[in-house]
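Subject: Structure handover

Dear colleague,

Here is the structure for your files. My notes on it follow below.

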Amino acid sequence: MIHTRASEIAVMNVRWLCSTTLRLVKKNKLPPRPKFTKEMEAQCEEKFLHGGRGPGGQKINKCNSKVQLKHLETGIVVTCQETRSRESNRKIAREKMALEIARYLNPDSSTDARTEALQRWVVQGKRAKEKKSKLKYAKHEEERQSKQQESLRRDAAIIESL
Amino acid sequence: MPRISPAMIRKVASYDPLLGLLLPVCRTAEAARQELHWIRNEGASVQRACALRARSVPLQYVLGSQPFGELEILCKRNVLIPRWETEEWASELAARWQTSRVTAPTVVDLCTGTGCVALLLKRALPRAQVTAIDCSPFAIALVTKNLHHNDIRDVTVLQRDILRDDRPAIAADLVVCNPPYIPRDAFVRDVTTSVKMYEPRLALVADKEFYTNLCDVWLRHTRSFVYEIGDISQAHFVADRISATTWSVGIRRDSNGKPRVVYGFKTDDVQLNKLYDGFGYLVR
């Protein structure tokens with residue numbers, strides 16, 4: 001028992017060494033999004049933009065609810081009108097702001113860890129797809145050749161029988 | 001309103017034919033693009049929705065709902081669509097009552113329409129006794145649907161015409177109301193086509209009937225009130241009619257800077273003084 005287990009481990013190690021040195025990115029295990037903290041909330045000024053002049057209230061039926069967040073210290077401004085709901089727009093704006101602040105605090109890297117991981121995940125998916133299609137065509141090619149040989153052999157058999 | 005040139009429509013439609021349908025009603029390419037994005041996200045039949053929008057049917061009637069705070073309010077013809085201004089003051093009001101010491105207030109929502117304000121308050125204050133009143137049978141049916149849709153129970157729904165009904169008013173800690181407040185001449189002048197064509201006139205056109213009704217009937221039965229207004233003159237009307245010795249009256253502006261709410265509370269009530277502190281500015 002012990003022997004087999006040890007050999008199994010040995011095999012696994014070998015396989016690990018043989019595979020790509022770059023760890024694969026998993027979509028469900030991405031680095032976390034930058035968090036919007038309570039301190040940030042205090043540093044931010046929130047505004048709701050509804051297109052200024054003209055009649056309001058019952059006279060007009062505007063569906064847009066644009067939320068604008070301004071980080072007073074750095075002057076970063078983000079807006080959001082992704083959804084029709086003001087509440088979810090406020091949430092999304094806060095996520096965006098946290099991302100922008102993380103980028104501001106870490107200007108060397110062009111993007112944050114999560115975006116980078118996501119980009120790698122996309123590339124990885126593309127590579128996997130390429131590999132899959134290559135394998136598929138190789139298999140098709142093989143099948144075709146074996147069929148050809150089969151028919152050749154059959155022809156040869158017929159000729160021989162004649 | 002300036003005309004949108006056919007060349008402009010053609011140009012926008014070259015990106016997406018549906019945008020061409022939306023442009024005349026949305027007025028700008030940016031707004032049209034935004035609206036198409038929302039329609040697509042909603043998962044309804046996109047082409048049908050855009051065709052209806054091209055005929056100025058309000059987006060909320062097309063998609064069937066409107067977000068209101070954390071609620072999703074169903075919208076149907078013959079009932080007024082909740083506005084963002086109402087959402088704004090109702091959310092603020094709910095948050096203020098939530099932090100106050102009064103945990104189980106009695107709330108009456110007049111002219112409730114879709115029931116949005118009543119439902120929002122009930123969601124924020126689960127122990128409150130909320131009564132929603134409207135005179136329209138369409139509204140009453142929709143309130144019941146909305147209660148179910150948002151999984152809220154224990155809201156009393158009454159069909160009553162508060163201007164003509166002589167049954168006694170209900171004693172309450174808070175009376176909220178978004179009454180019709182557009183005077184007849186302003187209705188012709190200011191109201192946008194979509195609202196004029198598709199939203200119920202019953203919920204839009206009135207002069208000062210409901211503010212008179214507030215002063216004459218509901219004030220005797222409540223400790224505080226919050227009424228939406230369309231014009232500052234309506235707030236002054238209420239302030240002038242109310243006894244200055246027992247009531248404090250204030251006006252609250254919406255985030256567009258327009259006077260949107262007239263509110264009041266008993267001056268000698270310490271709790272309410274604290275609760276409404278900073279909600280708007282006092283005029284009396």
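Chain B has 13 helices and 10 strands. Its radius of gyration is 20 Å, close to the 19 Å from the globule rule for 284 residues, so chain B is as compact as a globular protein of that length. Please keep in mind that this is a predicted model. Along the principal axes, the C-alpha trace of chain B spans about 65 × 40 × 35 Å.

Of the contacts in chain B between residues at least 6 apart in sequence, 63% join residues at least 24 apart. The accessible surface of chain B is about 12900 Å², and carbon and sulfur atoms account for 52% of that. Chain B carries 37 positive and 31 negative charges, whose mean positions lie 4 Å apart.

Two residues have backbone angles to note. Asn78(B) is not a glycine, yet its phi is positive, near 75°. Asn78(B) sits in the loop between strand 2 (71–74) and helix 6 (84–99) of chain B and is partly exposed, at 40% relative accessible area.

Asp151(B), also not a glycine, has a positive phi of about 55°. Its loop runs between helix 8 (137–149) and strand 5 (155–159) of chain B. With a relative accessibility of 57%, Asp151(B) counts as exposed, because the cut-off for that class is over 50%.

Regards

Notes: Residues are numbered from 1 along each chain as its sequence is written. Chains are lettered from A and ligands numbered from 1 in the order in which they are written. This is a predicted model: local features need pLDDT of at least 70, side-chain atom pairs count only at pLDDT 80 or more; totals for chains, interfaces and linings use all residues. Side-chain values use heavy atoms; hydrogens and water are left out. Helices (H or I, at least four residues) and strands (E, at least two) are DSSP runs, numbered from the N terminus. The radius of gyration is taken over C-alpha atoms; the globule rule is 2.2 Å times the number of residues to the power 0.38. Contact means heavy atoms within 4.5 Å. Accessible areas come from the Shrake-Rupley method with a 1.4 Å probe; for residues, only the protein chains shown count as cover. Lys and Arg count as positive and Asp and Glu as negative; His and the chain ends are not counted. The place of a charge is taken as NZ of Lys, CZ of Arg, CG of Asp or CD of Glu. Buried means under 20% relative accessible area, exposed over 50%, partly exposed in between (1.4 Å probe, protein chains only).
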